[in-house]
Amino acid sequence: MSPAMKAENQPQEELTSPENTISNDELHQKSKVTVVGSGNWGSVATKLIASNTLKLTSFHDEVRMWVFEETLPSGEKLSEVINKTNENVKYLPGIKLGKNVVADPDLENAVRDANMLVFVTPHQFMEGICRKLVGKIREDAEAISLIKGMEVKMEGPCMISTLITEQLGINCCVLMGANIAHEIAQEKFSEATVGYRTNRGIAEKWVRLFYTPYFIVSAVQDVEGVELCGTLKNVVAIGAGFVDGLEMGNNTKAAIMRIGLREMKAFSKLLFSSVKDSTFFESCGVADLITTCLGGRNRKVAEAFAKNGGKRSFDVLEAEMLQGQKLQGVSTAREVYEVLSHRGWLELFPLFTTVHEICIGHLPPTAIVEHSERAPKFSLVEGSAQYY
Ligand SMILES: NC(=O)c1ccc[n+]([C@@H]2O[C@H](COP(=O)([O-])OP(=O)(O)OC[C@H]3O[C@@H](n4cnc5c(N)ncnc54)[C@H](O)[C@@H]3O)[C@@H](O)[C@H]2O)c1
């Protein structure tokens, strides 16, 4: 029996242990799922979820997917084409989403009946989306964020799960992992990590919703650690792309990945002393870092940037190479840089700092190896809360 099925059939005592706060009534009501977002990963996540809601009795069959409406070159609306063909022809062509998926361009209508909200849009749109959703969602709604990125505000960095919790007043888990969307769309084996705050019962429900024999999901009690891994690896992937563009070879790329992982861990622990070392060994940590540095879109566009000697901007390359998909690493590098400079930590994070300075043209792409291991002033010790 698969872990997902085991979870579905677990005796109630296990789900209502002192750590869990879901009531029996809630457990027995059918949950209704809406996915907010319909890009490349949003569409694949919807496909995974829709295959499970048909099988699991604790979920309504129908999965609503909010579509940021676009008019296609044919003149048709994207949401109408998705509902007609069961395919997201722009962001995931050639893959059927499942007949129980309904594309809905009306955000309020899409979330109205849902008690399980899956957020999966590029992070820069989330503040606006949350603003529109205030007062429009069910009071008992639970959320999960698949979004990699953060917002930097005057008072400091704000993770997307925190933005959702603060603006909408609901609990928010996260799901991150080594998950390049088009590979999962083809049902190739991969793993993912759910991060939860306190409620293990809710985490198990999210695991059940996503788990398939080719998509193995496990849960850890470390929202910030999981989310920061997913967010920060995109900055390292930009560095890996520079190395590829400069044809520096595999050893150099591995060195950038190692330094990057060290900075990911130090940065996460400086911001949140609760972050666990073990999280970096889950799919959301080292596995996601590896896949993103080998195959992701951030690496690909950074490679082109370095090949052009930094003369063609990331905005131009993104528009040219990604057909409407969004790059996260460059904006995350800027956001991380803002945090580092605000807190006086720039010298502690030579790789993160260098990646941003290359992205904005202050340093040439070759600086990735000249500056990244500029001996930090002290070793990045674990749990260094004293640097706050
Ligand atoms: N693609 C992947 O392989 C992958 C894997 C894991 C996580 N993620 C993360 O998932 C999140 C979503 O990425 P994706 O790949 O689904 O998207 P995407 O980059 O493929 O597509 C961009 C999406 O943004 C929408 N959009 C454009 N303008 C908008 C606006 N003003 N307001 C709201 N939406 C707008 C588009 O309609 C489209 O759905 C990101 O945080 C990404 O880091 C992606």
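This is a short walk through one predicted model, from the overall fold to a few single residues.

Two points on conventions. Residues are numbered from 1 along each chain, following the sequence as written. Because the model is predicted, local features need a pLDDT of at least 70 and side-chain atom pairs count only at pLDDT 80 or more, while totals for chains, interfaces and linings use all residues.

Of its 388 residues, 47% count as buried. Buried here is 20 or more other C-beta atoms within 10 Å of the residue's own, exposed is 12 or fewer, and partly exposed is in between, with C-beta atoms placed from the backbone. Among contacts with a separation of 6 or more, 72% join residues 24 or more positions apart. A contact needs the two C-beta atoms, placed from the backbone, to lie within 7 Å.

Now the ligand. It is surrounded by 23 residues, the closest being Gly39, Asn40, Trp41, Phe68 and Ala181; the test is a C-beta atom, placed from the backbone, within 6 Å. Helix α4, residues 40-55, gives the most to this shell, with three residues. The shell divides into ten nonpolar, eleven polar and two charged residues. Nonpolar covers Ala, Val, Leu, Ile, Met, Phe, Trp, Tyr, Cys and Pro, charged covers Asp, Glu, Lys and Arg, and the others, Gly among them, are polar. Domain 1 (3-221) and domain 2 (232-387) each supply at least three residues of the shell, with bounds from an automatic or database domain assignment.

Next, helix packing. Helix α12 (250-271) packs on helix α13 (283-295) at about 145 degrees, with the axes 11 Å apart. Axes are lines fitted to C-alpha atoms, for helices over the stretch in contact, and angles run from 0 to 180 degrees between N-to-C directions. From α12 the contact uses Lys253, Met257, Gly260 and Leu261, and from α13 it uses Val286, Leu289 and Cys293. By class that is five nonpolar, one polar and one charged.

Leu289 comes up again at Lys233, which touches Met264, Asp288, Leu289 and Thr292, leaving aside residues up to four places away in sequence. Lys233 lies in helix α11. Is Lys233 buried or exposed? Lys233 is buried, because 32 other C-beta atoms lie within 10 Å. Thr332 is 99 residues from Lys233 in sequence, yet the C-alpha atoms are 9.6 Å apart.

Helix α14 (297-307) has eight of eleven residues buried, so the rest of the structure largely encloses it. Among the buried ones are Arg297, Arg299 and Glu303. The cover includes α11 (223-245), α13, α15 (314-322) and α16 (329-343). After α14 comes Gly309, with a positive phi near 65 degrees. Helix α10 (200-210) is mostly covered too, with nine of eleven residues buried, including Glu204, Lys205 and Arg208.

Last, two glutamates with positive phi. Glu187 has phi near 60 degrees and sits in the loop between α9 (181-185) and β11 (190-195). It counts as partly exposed because it has 15 C-beta neighbours inside 10 Å. Glu247, at about 50 degrees, is in the loop between α11 and α12. With 10 such neighbours inside 10 Å, Glu247 counts as exposed.

Terms used: Helix = DSSP H or I, 4+ residues; strand = E, 2+ residues; numbered from the N terminus.
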